[in-house]
Amino acid sequence: MAGINDRSKNDKGDRKDTTVTNIYRPIAPKPSPPILLSPSELLNRYNKLLDRYPLRTKMVTSAIVSAFGSALGSFLSSSNANNKQSNNQRQSSSRINWVDVFSYAIHGGLINAPICHYWFEWLATNGPSSNTSSVLVDQLVVQPPLLILMFVCLDVLRANIRASIGQFREENVVGKALSAAGPAVVDSWRFWPFAVYFTFKYLKKKHYTVALNLCSVAWTAYLA
């Protein structure tokens with residue numbers, strides 16, 4: 001009996017040791033997700049963004065695609081022009097027209113994408129049931145005004161960007177801004193801390209922006 005009891009105690013001790021060992025057994029680390037996603041995974045994520053934020057996703061996509069197309073077109077045009085020139089007149093490198101790139105990006109993201117989003121939504125819901133008829137309506141009714149709008153917007157954007165760049169270079173915008181910012185910062189410390197303090201103390205959070213915008217009327221009048 002004593003031998004049996006000793007053996008049972010030893011078995012319990014062995015089982016206890018095994019349990020402790022299992023508790024403190026190191027856990028293998030989980031594999032980290034891959035840094036580079038596969039094309040199918042990128043497409044799945046993009047589709048989720050389209051479902052969740054359709055307009056914003058289309059605006060960002062249109063801006064990027066329009067900018068890339070403009071950059072590619074100007075690069076190829078510059079390369080062809082360089083190839084036609086003589087060796088003495090050939091430019092050292094191909095040139096991208098960045099004014100056009102930003103103009104196309106702004107037009108694509110802020111103008112073309114919202115119009116196309118709402119137009120195609122309306123056409124899919126209220127347009128003809130035939131795909132051929134929908135294409136005819138789109139190309140004959142909507143596309144000509146959109147092309148006119150595109151060229152007008154691009155010309156306005158190019159002119160404004162070039163004028164802004166020229167003014168920025170000629171009038172020393174950075175130097176003037178830095179010289180004017182010093183006294184303005186000191187004056188702002190005499191006004192805005194009190195405005196922000198009383199806004200936080202006496203108003204609700206939803207009224208913060210409105211109250212500070214009203215305070216900015218006095219601040220803007222002082223700066224002007």
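Modeller: Helices are DSSP runs of H or I with at least four residues, strands are runs of E with at least two, and both are numbered from the N terminus. The model is predicted, so local features need pLDDT of at least 70 and side-chain atom pairs count only at pLDDT 80 or more, while totals for chains, interfaces and linings use all residues. Residues are numbered from 1 along each chain as its sequence is written, and side-chain values use heavy atoms, with hydrogens and water left out.

Colleague: How many helices does the secondary structure of the protein chain come to?
Modeller: Reading along the sequence, one follows the pattern α-α-α-α-α-α-α. The protein chain has zero strands, and its helices come to seven.

Colleague: What percentage of the residues of the protein chain count as buried?
Modeller: Buried means under 20% relative accessible area, exposed means over 50%, and partly exposed lies in between, with a 1.4 Å probe and protein chains only. Of the 224 residues of the protein chain, the part that counts as buried is 18%.

Colleague: Is S74 buried or exposed?
Modeller: S74 is found in helix 3, which covers residues 54-84. Its side chain has a polar atom that lies 3.5 Å from the backbone nitrogen of N97, a separation within the 3.5 Å limit for a pair of N or O atoms in a polar contact, where one atom must be able to donate a hydrogen and the other to accept it, and where residues adjacent in sequence count only if both atoms are side-chain atoms. Because the relative accessibility of S74 is 15%, this residue counts as buried.

Colleague: Which residue has its backbone oxygen 2.6 Å from a polar atom of the side chain of T57?
Modeller: T57 also has its place in helix 3, and because its relative accessible area is 10%, T57 is buried. A polar atom of its side chain lies 2.6 Å from the backbone oxygen of Y53.

Colleague: Is R95 buried or exposed?
Modeller: R95 is found in the loop between helix 3 and helix 4. Its C-alpha atom is separated by 9.1 Å from that of L76, although the two residues are 19 residues apart along the chain. Because R95 has 56% relative accessibility, it counts as exposed.

Colleague: What separates the C-alpha atoms of L149 and N112?
Modeller: L149 is found in helix 5, where it is partly exposed, with a relative accessible area of 32%. Along the chain L149 and N112 are 37 residues apart, whereas their C-alpha atoms are separated by 9.2 Å.

Colleague: Why is helix 4 roughly antiparallel to helix 5?
Modeller: For helix 4 (residues 98-126) and helix 5 (residues 131-170), the axes come within 9 Å and cross at roughly 150 degrees. Angles under 35 degrees count as roughly parallel, over 145 as roughly antiparallel, 65 to 115 as roughly perpendicular and the rest as oblique. Helix 4 is therefore roughly antiparallel to helix 5 because of the crossing angle, roughly 150 degrees.

Colleague: At roughly how many degrees do the axes of helix 6 and helix 7 cross?
Modeller: Helix 6 covers residues 173-202 and helix 7 covers residues 208-223, and their axes come within 10 Å and cross at roughly 155 degrees. That makes helix 6 roughly antiparallel to helix 7, with a crossing angle of roughly 155 degrees.

Definitions and conventions: Axes fitted to C-alpha atoms, helices over the stretch in contact; angles between N-to-C directions.
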